[in-house]
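This report covers selected features of one model, in running text with one table.

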Amino acid sequence: MRHLKTSFQSIQKKLSSSFLLPVYGLFALLLILGLYRLNGSSMIIDTASYTHSQDAGQKTSEKEFDAWLRQLFQSQITANTLNLHYTLADPSSAEIAQYPVTFGEISSQNEDAQLASLENMQKELHAYDTSSMSVQAQMTYDILDDSIQRSLDMAPYYYYDELLSSTGGLQSEYPILLAEYAFHSKQDVEDYLELLSQYDTYFSQVCAFEKEKAKRGLFMNQKAAENLITQCHAFIPDNSSESFWETAFAERLDQIGSLSKKEKKSYLKQNQELLQDHVYPAYRKLIAVLKALKKEGKNAQGLCHFEDGKTYYELLVKNSTGSARSIPQLQKMTESQRDRCLSELALLAPVLTKSASASIQKRQKNDTASSPAASSSLLPYNTPEEMLEHLKTQIQSAFPAAPKAGYTIKNVNEKLQDFLSPAFYLTSPMDRFTENCIYINSGNNYDDIQLFTTLAHEGYPGHLYQTVYSYSAKLSPIRYILYHGGFTEGWATYVEMLSYGYTGLEETAARALMLNQDATLSLYASIDMGVHYDGWSLADTAEFLGSYGIKQVSVISEIYQTIIENPANYLKYYIGYLEFLELKEQAKAYYGNDFSEMIFHTALLDMGSAPFYILEKYFAKFYKAAD
């Protein structure tokens, strides 16, 4: 059990928010994705048996359906300017001439309006019969219909949602999204400044939401509130000249060559004033509200301890993972995978070569090393860029080529390192996908193997690669604003596991490290379901981890609190990963000697992100097309 014990602390925050999407405050469809399965079985099938029944008067023109989808995309993407900007560098490329500059709205009244819109949207969607349309059109129909339905199913639990989290809430994600808000034109600068002017208004809506949660007995526990209060202080600089808000803004202004000195000076002044008048006060107000409410949290344990919390968690897991398996099924699936990993690790131990064993021991000692350079001799790469370029070369035999795209590696601001994920990828716009950014949090003290596999997760063949490839697949634009966490994070975790084989380490050592990581991540998944579905207390969690040799009280307490604050978050990664493994095993069994890893990956990427039951439904068609 030593492998688990020594690596557990090093990845404690690994899964907190690897893939940031600017989704808060957007249309409910983008926030809550509905997922369901037609039947309880899991199998690859041909889509010929799945067609939409045609009712009298239904529309059958694919051209008309595409036009409706484009209109839907235009109306939804303009509901939140952050989403618009991160999806389209130039809105006119999607025939969007005018749009409101807004973060969106958080209120029960707006929620009611959104639900009415969802119901109308579903009626309009059901007016189309796609049985004679292309497979892509049929799949888009199913995904959209499914997303709408699940959003409607989640509607009664509006106040169970949590916008704030010390490991990925809007209070920490929005500053990064705004700091990376690219300035392609003067209009982008104007939009950015207008958003800053609305920061306090938007945060006031967040505060009102939290107050209502408290009235309903659904407010976060006291420890979570205290963590958030500490974090919010980090976004209010002691000295404005050292503020990342101001330095990031000035750097982006320099990228617009057409600005005169006078214009630049004016923009800098406006930015500083808006920060002082709207942004910093927003955080001060949030701090005050959290302080006032922090003792209102009645439940210091999992969701199942709230009234109807267990039902909400079941829906949340389906929405988060894209798997329609029941929680007990997911628990058994997770435990079985962990047992397989540990059994294989036990078998590998005697046959590990001396050099491989030494490499693993060296890595384990460096898990808590203060310097990331301590293990630099394990791999022959000196920079993240070298690692990514190596990965791009290594994946060519098993993954299809993606369009060429550049990337920038940036370090998380030192003052924010304690509050942000160890690494994350910011999505590139669909009309300018050659510009990508990966953030590395140097405060995480990566060793080189951890950094390598993290870059595989965030870059190639992970998020960056999958995003750029999906744009080349030319899916309906509506597909790019439907976030399926199980697919997105499951894919990144799946390829992260494969990346151990690309490190250049001795094969047995690489396999052992991968199995160790797999088993470790499975613990998080089991704890998530144990805490939020079975009602585990901190003592229960400690007993579970203790059975795997993990006994550090401070580590266990922090893990428990993180999972309390982020229900189902870890499941996106691990259950998504397991569903990809399951689909791969099904494909191997179905195609036998004709199975190809290249074709398998091509089919998945060509389908684009979706719930797993929809991937299963259409997989055979896409596999055949990719062959």
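Helix 6 is mostly covered, with 16 of its 20 residues buried (under 20% relative accessible area with a 1.4 Å probe, protein chains only; exposed is over 50%, partly exposed in between). Helices are DSSP runs of H or I, at least four residues, numbered from the N terminus.

The model is predicted: local features need pLDDT of at least 70, side-chain atom pairs count only at pLDDT 80 or more, and totals for chains, interfaces and linings use all residues. Residues are numbered from 1 along each chain as its sequence is written, and side-chain values use heavy atoms, with hydrogens and water left out.

Helix 10 and helix 12 pack at an angle of about 160°, their axes 9 Å apart (lines fitted to C-alpha atoms over the stretch in contact, with angles from 0 to 180 degrees between N-to-C directions). The two helices are therefore roughly antiparallel, a term for angles over 145 degrees.

| Helix | Residues in the contact |
|---|---|
| Helix 10 | Ala-225, Leu-228, Ile-229, Cys-232, His-233 |
| Helix 12 | Tyr-283, Leu-286, Ile-287, Leu-290, Lys-291 |

Contact means heavy atoms within 4.5 Å.

Ser-609 sits in the loop between helix 24 (597–607) and helix 25 (612–626). Ser-609 counts as buried because its relative accessibility is 13%. Leaving aside residues up to four places away in sequence, Ser-609 touches Ile-143, Arg-479, Leu-482, His-484, Phe-487 and Thr-488.

Note on methods: Parallel < 35°, antiparallel > 145°, perpendicular 65-115°, else oblique.
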